[in-house]
Amino acid sequence: MFHLPTPYPDELLGSILIRAQRLTGLGGKLLLPKLTGARITTHSPVLTKYPLLASSHGMRMEDFVKQHTLLPYATAYMEPLQRDRIWARLLSEPHATNIASLAQHATKGITHYQLCRACMGEDLRHFGESYWRRSHHLPGVGWCLKHDRLVVATCLSLCSRETKLLLPHEAPQVGQPLAWAQLLRNTPGKKLSQASVATLHEPADRGYASHRKKATQAGYALSRHNIWGQVLAQDLRRYFTSPLLARLGSDFELEPRSWPTTILRPSGGSAAPVRHALMDAFLSSAPRPSRPPDAYMRRKKAKPKDWRAIELRALKTMRAMVEEHVRSQTRVTVTELVERADLSGPWKHRRSQFTEINGWLQEFKASPQSERQTGRRPRAYTSRRKRSQKAPP
Ligand SMILES: [Zn+2]
């Protein structure tokens, strides 16, 4: 078993693997089986499931994963039960864990190694070499929060098969800013970096329940259980702008099921962490709803119904129907009259609104056209067609 030096603070797993290969002089094909105990020739630069890799660096698996992989970010916004299950499984049955999908979940849009030149300079002075940091490799993180400056991209692929074993100070084209860096040169960009990097350090509940609480505090609640998702989504898009959201694979149309609304539901935990980080960053920017919730209440209020007009219209229809039956000498029921007048629902639930119809129907029931004439005929249980063919007595 190898005994390699303890990794640097916040050092990315990929960086640890690069330095291990350089330190031992062994290529990946020889080193990885020794470091992991598995017959592998490549390894993810952001996540691992091999406890031997942690112990080779003098660390407990849990600490190693917490401090040098992106699993804290990948699971930060999941439902607590789901998050605990993933962590427990990785620590107790590591080989049964599918880290590929988790790694993909955590690195949306990150394809190359990225660095901060100030961090690189400090590392060279302190350690004589530089290293790749986790906090510079999260989706949407364009700022080094320590130095308040833009992170820059390199042309070194994060794909483990293409790793060239180079550290930041050796990387070609150092200094080339991220192609989309301009989009991050503002407060929203910094907020997004803060929300994303915080997931690596502070264990806290950040899921949908936390979003809902913050959205309610910001004034987006319509009621105790409803958030005005449509306005929240619109305000979030205005805050980050469509081009930035599109760069993060997260732009959306303003429709009822856009991701900023679905992410506020219990099922939202499965959304990509970058979307949660966007929501988190937006809600921590002290937003105010662009439309106040009482505007929604007003908008939702239907025009008050003119029950008197409805009653007169229905009465006219019913009278005409009874006249037809008088002419054809057939009978009709109250239910049929009410249905024809399109009054079934209101008649059932708001009968008190229709006093005139009520009085008229009492008279109708006593008339020969009523199927069940008051005091004369018992209720007939024959089909309507048959009944209407019968002549009144
Ligand atoms: Zn820095």
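Predicted model: local features only at pLDDT ≥ 70, side-chain atom pairs only at ≥ 80, totals over all residues.

Student: Which exposed residues sit on the face of α7 turned away from its buried side?

Tutor: A100 and S101 are the exposed residues there. Residues are numbered from 1 along each chain as its sequence is written.

Student: And which residues of α7 are buried?

Tutor: Helix α7 covers residues 99-106, and its buried residues are I99, L102, A103, H105 and A106. Seen down the axis of α7, these fall within an arc of 155°, so they line one face of the helix. The arc is that of the directions from the helix axis to the C-beta atoms.

Student: What do the buried residues of α7 pack against?

Tutor: They pack against α5 (71-75) and α14 (273-283). Contact here means C-beta atoms, placed from the backbone, within 7 Å.

Student: How are helices and strands assigned?

Tutor: They are DSSP runs, numbered from the N terminus: H or I of at least four residues for helices, E of at least two for strands. The chain has 20 helices and four strands.

Student: Take α16. What should its 22 residues span?

Tutor: Helix α16 (residues 307-328) should span 32 Å at 1.5 Å a residue, and its end C-alpha atoms are 32 Å apart, which agrees. The expected span is 1.5 Å times one less than the number of residues.

Student: Which residues of α16 are buried?

Tutor: E311, A314, M318 and H325. They cover an arc of only 75° around the axis, which puts them on the same side of α16. The exposed residues on the other side of α16 are R308, A309, K316, A320, E323, E324 and R327.

Student: What do the buried residues of α16 pack against?

Tutor: Their partners are α17 (334-340) and α19 (355-365). Just after α16, Q329 has a positive phi of about 55°.

Student: Is D148 buried or exposed?

Tutor: Exposed, because 11 other C-beta atoms lie within 10 Å. D342 is another non-glycine with a positive phi, about 60°. D342 lies in the loop between α17 and α18 (344-349). With 13 other C-beta atoms within 10 Å, D342 is partly exposed.

Student: New topic. Where is R133?

Tutor: R133 is in the loop between α8 (117-127) and β2 (143-144). R133 is buried, because 26 other C-beta atoms lie within 10 Å.

Student: Which residues does R133 touch?

Tutor: D10, E11, L12 and C119, leaving out residues up to four places away in sequence. R133 and L12 are 121 residues apart in sequence, but their C-alpha atoms are 5.0 Å apart.

Student: How about the whole chain: what radius of gyration does it have?

Tutor: The chain has 35 Å, whereas a compact globule of 393 residues would have a value near 21 Å. It is taken over C-alpha atoms, and the globule rule is 2.2 Å times the number of residues to the power 0.38. Along the principal axes, the C-alpha atoms fill a box of roughly 110 × 45 × 30 Å. Buried residues make up 37% of the chain.

Student: What is the mean pLDDT of the chain?

Tutor: The mean is 86, and 90% of the residues reach 70 or more. pLDDT is the predictor's confidence in each residue, from 0 to 100.

Student: Which elements have the lowest and the highest mean pLDDT?

Tutor: Helix α20 (residues 384-389) has the lowest, 50, and helix α4 (residues 61-68) the highest, 96.

Technical notes. Buried ≥ 20, exposed ≤ 12 C-beta atoms within 10 Å, placed from the backbone. Contact = placed C-beta atoms within 7 Å.
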